[in-house]
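Here is a short briefing on one protein chain. Look at the fold before reading on.

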Amino acid sequence: MLVRFLLPGLVLGAALTACNSRSDKPVAQTPAATPAATTDPAQPALTDSPNTWYRQYRGLLPGSSDSITVHLQRLPSTIEETTNAGLVGFYTAADGRPHDLDGSMPAGTDSLTLRDISSEATDDNYVSPVWRLRQQGATLVGTREGRPVRLQLVQPPRGIQMVSRSFAAQVPARPDHPQDTIRGRTSLHALVPVSGVAKEALTANILRGLRGDTLDSKPVPALETLWKEQLSSFTSDYQQEVGLMLTELENDTSSYRPFATLRYEDQTSTYVLWNEGDLLSIGYFGYYYSGGAHGNYGTTVASYDTRTGRRLRSTDIFRPGTKAQLEKLLGRYARLALGLKPGQPLSNVLFENTLPATSNVYLTGGGAMFVYAPYEVASYAQGEIRVFVPFTALQPLLKPGLPVGGRGEVVRK
């Protein structure tokens, strides 16, 4: 799964001075990077925010003749942690199944560490293959599970070229109390297309997806507008709720609440899930923490036909009247994803013994991935449930004209 944001460890605050007043002073804002102004979604900035990028690398899996494309992103550092940038990515092996990658790249170095975190690549002891790489010009060289591997930068990408844009801010709970150390954090990371015959339409629909629109007819927001809306909403909610809590805690010394639970967080990120030929698939990841034992997260996924920029919703992918057939396939392939043997009840892991066909689905060159949020079909401890069904099984259920035929990523050498 793609979840990689955790609440950072923080030094807890100093004593707070009692005060019953609040103010509407401007929020304290600390950009993770300083993006150029984006007022027209059809004219995005042409450069990445500092120390962030999306790249494609091409090579062979060690000991295999399978040629793969590794789609890799360097994410913006958090406000507190600036020395160890995060990496996410994926590649697809010969069976067409996407494999998720997670890792890090220490600042000021040419070294990368990646882990295969897909359930299929992780053993019963939760040990997964590790890639240890270093940059040599346009090449990543190193090992995967101790075996040599070499990945060559694909330039231009075999798909849509995209730039990485990031925004971040720390928000004081009580802006008129400068001595407070309690801060909330909010951030937005987006990928903006800068190539393709339908660049403008594609950009508009990605921005709609980033905002969570359910209709493609809504007016197109600018990226900076999205960030301002997110920052304003978070600031208002955080200061009204946590600011009041802090004042109450000062006035009632018998009450206790760990300061860590007052450091709310709101993160939105964009991931490339597939980008080749005429197909682009994107994941919009959201994480929100508002006190308690843990935060909530989920990934909304979407595929786009890059010939037109149009979003491909589930009704654009599957033929009408195929729901029962699709759910039968999902039950079969869910057992592989969940580590169950054929015939074992799905209810050994899921809430029910069936798996509904979610509309939260995206396409790759080899099949369709169905994504279920925590609590949707299983407990929070199970994380996101992702079930891949290959095109070989889905073919009778698909609508014609999808941008996937004959454009698969994997090439046999």
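This is a predicted model: local features need pLDDT of at least 70, side-chain atom pairs count only at pLDDT 80 or more; totals for chains, interfaces and linings use all residues.

Residues are numbered from 1 along each chain as its sequence is written, and side-chain values use heavy atoms, with hydrogens and water left out.

**Overall make-up**

- The protein chain holds 5 helices and 18 strands. Helices (H or I, at least four residues) and strands (E, at least two) are DSSP runs, numbered from the N terminus.
- Of the 413 residues in the chain, 52% are buried. Buried means under 20% relative accessible area, exposed means over 50%, and partly exposed lies in between (1.4 Å probe, protein chains only).
- Take the contacts with a separation of 6 or more: 60% of them join residues 24 or more positions apart. A contact means heavy atoms within 4.5 Å.
- The chain's accessible surface is about 18,500 Å², and carbon and sulfur atoms contribute 51% of it. These areas come from the Shrake-Rupley method with a 1.4 Å probe; for residues, only the protein chains shown count as cover.

- An open sheet is built from 6 strands in the order 9-10-11-12-13-14, with mixed pairing. Two strands pair if DSSP finds at least two bridges between them.
- Strand 9 (162-172) and strand 14 (310-312) are at the edges. Each has a single partner strand, so one side of each lacks a neighbour in the sheet.
- From one strand to the next, the twist averages 25°. Axes are lines fitted to C-alpha atoms, for helices over the stretch in contact, and angles run from 0 to 180 degrees between N-to-C directions.
- Strand 11 (residues 265-276) and strand 12 (residues 279-289) run antiparallel, joined by 11 bridges. Glutamate 265 has tyrosine 289 in strand 12 as its bridge partner.
- Helix 1 (residues 199-211) packs on this sheet. Its direction makes about 155° with that of strand 10 (183-193).
- Helix 2 (residues 223-251) lies across strands 9, 10, 11 and 12. Helix 2 runs at about 165° to strand 10.

**A covered strand**

- In strand 17 (residues 385-390), 6 of 6 residues are buried.
- Ile385, Val387 and Val389 are on one side, and Arg386, Phe388 and Pro390 are on the other.
- Strand 16 (residues 367-372) runs antiparallel to strand 17, with 6 bridges between them. Valine 371 stands opposite arginine 386.

**Salt bridges**

- The whole structure has 12 salt bridges. Each is a side-chain nitrogen of Lys or Arg within 4 Å of a carboxyl oxygen of Asp or Glu.
- Glutamate 250 and arginine 174 form one, at 2.8 Å from N to O. Glutamate 250 lies in helix 2 and arginine 174 in the loop between strand 9 and strand 10, so the pair ties together parts 76 residues apart in sequence.
- Glutamate 250 is buried at 15% relative accessible area, and arginine 174 is buried at 1%.
- Arg174, Asp180 and Glu250 are linked in a salt-bridge network.
- Glutamate 265 meets arginine 185 in another, with the closest N and O atoms 2.9 Å apart. Glutamate 265 is in strand 11 and arginine 185 in strand 10, so this pair ties together parts 80 residues apart in sequence.
- Aspartate 316 and arginine 310 also form a salt bridge, with the closest N and O atoms 3.4 Å apart. Aspartate 316 is partly exposed at 24%, and arginine 310 is partly exposed at 41%.
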